[in-house]
Structure formats: C-alpha cells, structure tokens
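This briefing covers a predicted model. The points below are grouped by topic, for reading beside the sequence and the coordinates.

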Amino acid sequence: MTIGLKLSILEAGLKSRAAAAFGLEEAAMAGFHLAAPPPHIAADVSIAWPIAGAKLLRKPPLKIAEELKAALGAEFEAESVPPGFVNLKFKDSVLFEALKELEKPDCFARPDFKGEKINLEFVSANPTGPMHLASGRGATLGDSLARIYRALGAEVATEFYVNNVGKQVELLGLSLKARLEGKEPPENGYQGAYLKEMAAALPKEAAGWTGTQFSEYAVAEILKLHRADMKAFGVEFDRWFLESELHAEGGPAKALAALKERGMVYEKENAVWFGAATELESDDKDRVLVKADGRNTYFLNDIAYHLNKFSRGFTSLIDILGADHHGYVPRMEAGVGALAAGKGSFKFIIHQQVALKRGEETVKMSKRAGDFISLKELVEEVGADACRFFFAARGPHTHLTFDVDLAKKKSNDNPVFYVQYVHARISSIFANAAEKGIDPAAGFDQSKVAILPEERALILKLLWLEKTLSDCARDFSPHHLTTYLSELAASFHSFYDKCKVLDPENKETSAYRLFLLKHVQAVIAKGLGLLGVSAPERM
RNA sequence: GCGCCCGUGGUGAAAUGGAUAUCACAGGAGCCUCCGAAGCUUCUAGUGCAGGUUCGAUUCCUGCCGGGCGCACCA
C-alpha cells in the first residue's frame with residue numbers, strides 16, 4: 001500500500017494503517033490527527049492518538065505508541081515518546097513528492113466540499129449612508145471565507161442584501177429633500193454631510209419630486225458608493241439582492257401563508273405574531289411578523305429572503321452579522337428553521353463590534369451623528385492590503401478596538417508587509433538568477449541534496465497550508481491563515497539568512513533552492529490571494 | 001435583571017483537551033566587503049480570581065471579578 005502525499009492523504013493513510021494494526025474501525029479513531037510538534041521536539045509531525053486511545057484499547061498509552069510506531073511504515077522515521085506520543089520524520093523523498101503535489105491546481109479541494117453550494121451573505125449595510133470602517137471587518141471575513149471555501153472545492157456565491165424598502169429609506173428621501181430645500185433633516189433623519197453634497201448635485205426637476213423619487217435617487221447614489229467602496233477593498237459580490245425584488249415576487253406573503261398553514265402564527269392586538277416559543281422553543285418569546293399598521297417587520301421579510309436563497313438551490317446559507325444584531329439570531333433560526341427544514345444548513349457567523357480609538361478616547365461609532373471613519377477614508381490612508389490583513393488576523397469573536405492614529409501613522413507595524421516582503425524578495429532572487437545565467441527550471445538530483453534544518457522547517461510549513469485552510473473552514477475565520485503566513489514568512493527569512501540561494505559554482509544546490517523558493521512564493525501568493533491581499537514583485 | 005461575546009508578557013494577537021504556551025510591536029544586546037536590514041540571532045516579560053471534570057485545562061463546567069454588545073409592533 002502506498003501512502004498519499006498531501007498531509008491530509010498522509011494522515012488518512014497512516015490512520016488506515018493504524019486501524020488495521022489495532023483491529024479498529026476507522027470511525028472509532030476520530031481523534032487520530034497529525035499535529036505540528038512543539039519547537040523543542042525534533043520531528044516533522046506528531047500523533048497524540050495513543051494517549052486518547054488508551055481507554056478504548058485498554059492498554060497503556062506508551063505501549064500503544066510503540067505498536068503504532070511499528071505499524072506506520074517505511075516512509076518515516078518514528079519514535080515513541082512518553083506519555084504516548086509518536087513523533088515522525090519524513091524521508092526526504094516524501095517531502096519532495098509532497099511539494100510536487102502542491103503544484104496541482106485543485107490541490108486543496110476536499111471531497112466533502114464537492115457539490116456544496118454555499119450562499120455567503122455579508123456586509124449588507126443599509127443604503128442610507130457611507131460605509132464605515134466596521135463594514136471592513138464583515139467584508140474581510142466574508143470575502144476571505146468565500147475564497148477559502150472555493151479553494152476547498154465548494155461552489156460559493158457572495159451576496160449583499162440591500163434594504164431599499166421601508167421607513168429608513170423613506171426618511172433618507174425626506175432628509176435629502178430637506179437638504180435640497182436648504183432645511184435641516186427631519187427628526188431621526190440623516191444628518192451627515194454626504195446628503196448636502198448629494199442635494200447640490202440633484203437635477204433641476206428634483207424640485208417637483210415625490211418623496212419616493214427622492215428615496216430612490218438617494219438609494220441609487222449610495223449604492224454606487226457602496227459598490228465602489230467594496231471594489232476598492234477588493235470585494236466583488238456575485239449578487240446585490242434588492243429587498244424590492246423580494247416584494248415583487250410576493251415572498252413575504254408566501255412565507256406568511258406557509259407559516260399560517262403550519263399553525264405557527266396567531267393574531268393579538270391587531271398584529272400577527274410568530275409563535276416560536278410555544279411551537280419550537282428556539283426563541284425566548286413570540287415575535288411580531290406583521291405590525292398593527294399592516295407593515296411587515298424585517299423578521300418576516302428576512303424569513304422570506306432566506307427561503308428565496310434556498311429556492312435558488314443553495315445547500316448551505318451563511319450570514320455574517322455584527323454582534324449588535326446577535327439578538328436577532330434565535331428568532332431567525334426559529335423562523336427559517338420552521339419553513340426550511342431539510343433544505344440545507346443555515347449558519348450565522350457573529351463578529352464582535354469594532355470600537356474606534358482616536359487619541360486616548362474610545363468612541364462608539366454613530367452613523368446618525370456623522371461621527372465615523374468611513375471605509376473609503378481608511379483604505380485611502382492605510383491601503384486595502386494592510387486593512388484586510390489587519391481585519392483578517394483576528395478571529396470573529398475578538399473585541400477589536402481600531403486605533404485610527406496608529407493605523408494611519410504606523411502602518412508598517414502591520415505584519416502584511418513582513419509577508420509581502422518575502423514575495424518581493426523571492427521575485428528579486430529569480431531576477432538575479434536570470435542575470436547570473438542560472439536556470440530556475442534546471443533539474444537537480446534529489447538523492448544528492450541534503451535538506452538542512454532551515455529548509456526542512458520551510459518545506460513542512462509549506463505542506464501545512466492545506467491543514468490551515470481546513471482550520472479556517474472549521475472555525476469560519478481566516479485568522480488561521482494570517483498566522484500561518486506570518487510563520488511561513490519567518491521560516492523563509494531564517495532560511496534566507498542561513499542559505500545562499502544563487503551560487504554559480506554549485507548549480508545543483510542553486511536549482512534545488514530555487515525549486516524550494518518557487519513553492520514558497522506560490523504559497524505566499526496563494527495565501528495572500530485568499531485574503532484578498534496583493535503579492536507584490538517589488539515593494 | 002436576563003442573554004451573547006471577551007479577559008494570555010507593557011501593548012495587540014495565536015494555540016481541534018496534549019509535550020518546555022506561539023508570534024508581532026515596544027524595550028536590552030549583537031549581525032550588512034555576500035541573492036533586498038521592511039531582515040536575522042539573542043535577552044527580559046504572560047494564561048483575571050476560586051473551585052470542578054481529566055492521565056493532562058489557555059481551551060470544557062460552576063461561581064465570582066472586570067469589559068463589550070444586545071434585550072421594540074426599529075432596521
């Protein structure tokens with residue numbers, strides 16, 4: 001039996017050998033994983049499974065480790081270590097073959113993602129004002145995850161939901177009208193300066209417009225800005241779904257009828273309620289679907305919207321929301337769950353809010369008051385690459401305080417430059433190789449190459465990208481990837497310091513190291529690409 | 001009051017329940033006649049408190065303490 005070459009395949013192969021050796025079903029070996037050993041351990045990968053398997057097998061962990069070591073095969077040097085670890089070192093030839101595996105275009109595709117159709121909705125900022133910096137977090141999360149899921153083999157559609165109907169949009173129109181007439185916006189209206197600018201650019205006939213016309217105009221203008229902001233941030237949505245489309249097809253009415261049919265609604269005080277608490281026990285109390293004034297709540301419209309997504313054939317819906325909306329999650333799960341049972345999975349990713357720090361003061365951002373840093377401004381000051389890396393580097397649960405002064409002044413602190421620097425350095429090495437007449441494509445004899453420790457660390461790091469992407473998918477967060485890229489960059493820099501790549505006197509070593517660097521550069525470019533960050537040739 | 005999230009060196013973060021807790025920034029000490037010093041090497045410094053589960057806890061559970069966010073016929 002030969003064993004595969006990617007880490008995932010190596011892991012599966014080792015697991016199956018272990019299962020055979022111990023007479024176990026593979027299903028019973030869920031804890032069998034390859035892990036990176038701590039730095040003081042001189043091994044490539046380690047397996048902690050014998051400790052976990054001790055109860056199952058009713059043997060001492062170290063005994064299991066010794067048996068496992070014997071069962072693993074000739075591609076490795078294995079060592080069993082108390083209390084029951086097995087540490088492995090790959091034969092050099094295995095490492096070279098594994099690297100070549102990384103050259104295949106779909107090398108990260110996972111079988112379990114094949115056929116998955118994921119709808120990823122994020123940002124969905126209301127079209128009532130400029131996007132602020134906090135939208136950058138949702139945009140980074142969503143767009144990076146979309147790219148990662150695609151790399152893993154899923155089909156992903158990204159979507160931005162536009163609330164272009166309703167009271168807020170009416171207020172927006174009235175605020176614009178007021179600005180045109182030189183008045184202050186109405187109470188609870190939109191005070192920001194952007195409406196003054198928009199009013200100044202209105203066509204002459206606007207003087208005779210209805211409120212609806214003002215609203216439609218304002219929404220259209222703001223949507224243009226949102227699209228431009230997202231584009232400048234490296235985010236392009238597959239679809240901008242207008243709420244008005246939903247009403248045009250009668251979605252909310254259908255959803256309401258379906259809920260009624262299942263006996264999940266009742267009327268009280270002239271309003272229509274969803275009886276989630278009694279029927280499904282998923283939410284803490286009943287919620288209104290249709291208000292006493294006859295208007296739908298957003299709850300009903302959103303149920304209809306998610307049914308619409310399922311009707312388009314998606315097997316998995318993911319919504320990314322800021323923590324200020326987390327209270328909305330239980331009722332949506334109850335509402336959508338009631339009508340979409342069996343249609344696919346439905347998952348919320350909640351990311352914590354972004355607080356803004358200016359000087360020594362931490363302030364809450366308020367759109368109405370006009371006190372915010374716009375995403376556009378941030379991107380212009382700091383650059384999209386640094387912004388995206390910075391946002392991607394934190395898990396969604398972390399509470400993030402954005403220090404504006406720091407971001408503007410000392411953007412070099414951002415590790416994105418450390419990572420990009422590797423790419424640029426390697427580019428220039430390849431340029432130098434051409435000058436010195438060293439052919440990067442020249443072959444080398446693997447058997448004559450002794451892999452140095454720095455090179456070994458680098459190669460292992462390269463192989464680890466695959467697991468890193470799976471970690472990102474598992475945790476719904478790209479932050480594992482930024483950590484990984486920083487570590488890979490560090491491995492490269494150590495290697496670079498120790499090992500001279502281009503040596504006209506030694507073409508064999510030069511060719512071998514260029515082969516290595518080609519992969520490092522490809523992995524850096526791939527990883528940065530998944531984060532929507534550029535991989536520059538020069539900096 | 002109830003619910004969700006968070007508490008890791010001076011600062012910001014990492015760690016599917018695994019071995020001596022990993023990085024970056026800041027601070028100390030070194031390193032460019034040599035492929036890019038936006039770099040390398042090295043030192044100082046850390047899991048809020050109290051219990052529990054476990055062979056093993058930063059991770060899981062309970063209670064405190066501290067912080068963020070929600071608790072609408074708003075969106």
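In this predicted model, the centres of domain 1 and domain 2, taken over C-alpha atoms, are separated by 29 Å. Their contact draws on 4 residues from domain 1 and 5 residues from domain 2. On the side of domain 1 that touches domain 2, the residues comprise 2 nonpolar, 1 polar and 1 charged.

**Overall layout**

- The domain assignment of chain A places domain 1 at 7-90 and domain 2 at 416-530.
- Chain A contains 20 helices and 14 strands.
- Along the principal axes, the C-alpha atoms of chain A fill a box of roughly 85 × 60 × 40 Å.
- Chain A has 539 residues, of which 38% count as buried.
- Among contacts in chain A with a separation of 6 or more, 70% come from residues 24 or more positions apart.

**Nonpolar cores**

- In soluble globular proteins, nonpolar side chains tend to be buried together.
- The largest nonpolar core holds 121 residues, and those that touch the most other members are Ile148, Tyr149, Leu152, Val520 and Ile524.
- Helix 20 (residues 507-530) gives the most to this core, supplying 10 residues.
- Both domain 1 (7-90) and domain 2 (416-530) give residues to this core, so it lies between them.
- Leaving aside residues up to four places away in sequence, Ile524 touches Val419, Val422, His423, Leu485, Leu488 and Ala535.
- A second, separate core has 11 residues, including Tyr194, Leu195, Met198 and Ile222.

**Surface near RNA strand B**

- RNA strand B is surrounded by 71 residues, and the closest are Ser46, Glu269, Gly327, Ala424 and Ser428.
- Divided by class, the surface near RNA strand B has 31 nonpolar, 29 polar and 11 charged residues.
- At least two residues of this surface come from each of helix 2 (49-57), strand 3 (85-90), helix 6 (167-180), helix 17 (416-435) and helix 19 (479-498).
- Helix 19 provides the largest share of the surface near RNA strand B, with 9 residues.

**Helix 13**

- Helix 13 (residues 329-340) has 12 residues, which at 1.5 Å a residue should span 16 Å; its end C-alpha atoms are 15 Å apart, which agrees.
- The buried residues in helix 13 include Arg331, Met332, Ala334, Gly335, Val336 and Ala338.
- Just after helix 13, Gly342 has a positive phi of about 85 degrees.

**Backbone exceptions**

- Most residues other than glycine have a negative phi, and most peptide bonds are trans.
- Pro82 and Pro83 are joined by a cis peptide bond, with omega about 0 degrees.
- Pro83 sits in the loop between strand 2 (76-81) and strand 3.
- Ser124, a residue other than glycine, has a positive phi near 40 degrees; Ser124 is in the loop between strand 4 and helix 5.
- Ser124 has 20 other C-beta atoms within 10 Å and is therefore buried, the cut-off being 20 or more.
- Phe476, also a residue other than glycine, has a positive phi near 50 degrees; Phe476 is in the loop between helix 18 (453-475) and helix 19.
- Phe476 has 19 other C-beta atoms within 10 Å and is therefore partly exposed.

**Leu133**

- Leu133 lies in the loop between strand 4 (117-121) and helix 5 (134-151).
- With 22 other C-beta atoms within 10 Å, Leu133 is buried.
- Leu133 and Val501 are 368 residues apart along the chain, and their C-alpha atoms are separated by 43 Å.

Terms used. Residues are numbered from 1 along each chain as its sequence is written. Chains are lettered from A and ligands numbered from 1 in the order in which they are written. This is a predicted model: local features need pLDDT of at least 70, side-chain atom pairs count only at pLDDT 80 or more; totals for chains, interfaces and linings use all residues. Domain bounds come from an automatic or database domain assignment. Two residues are in contact if their C-beta atoms, placed from the backbone, lie within 7 Å. Ala, Val, Leu, Ile, Met, Phe, Trp, Tyr, Cys and Pro count as nonpolar, Asp, Glu, Lys and Arg as charged, and the others, Gly among them, as polar. A nonpolar core is a set of buried Ala, Val, Leu, Ile, Met, Phe, Trp, Tyr and Cys residues joined through C-beta atoms within 7 Å. A residue is buried if 20 or more other C-beta atoms lie within 10 Å of its own, exposed if 12 or fewer, and partly exposed in between; C-beta atoms are placed from the backbone. Helices (H or I, at least four residues) and strands (E, at least two) are DSSP runs, numbered from the N terminus. A residue is near a molecule or strand if its C-beta atom, placed from the backbone, lies within 6 Å of it. The expected span of a helix is 1.5 Å times one less than its number of residues.
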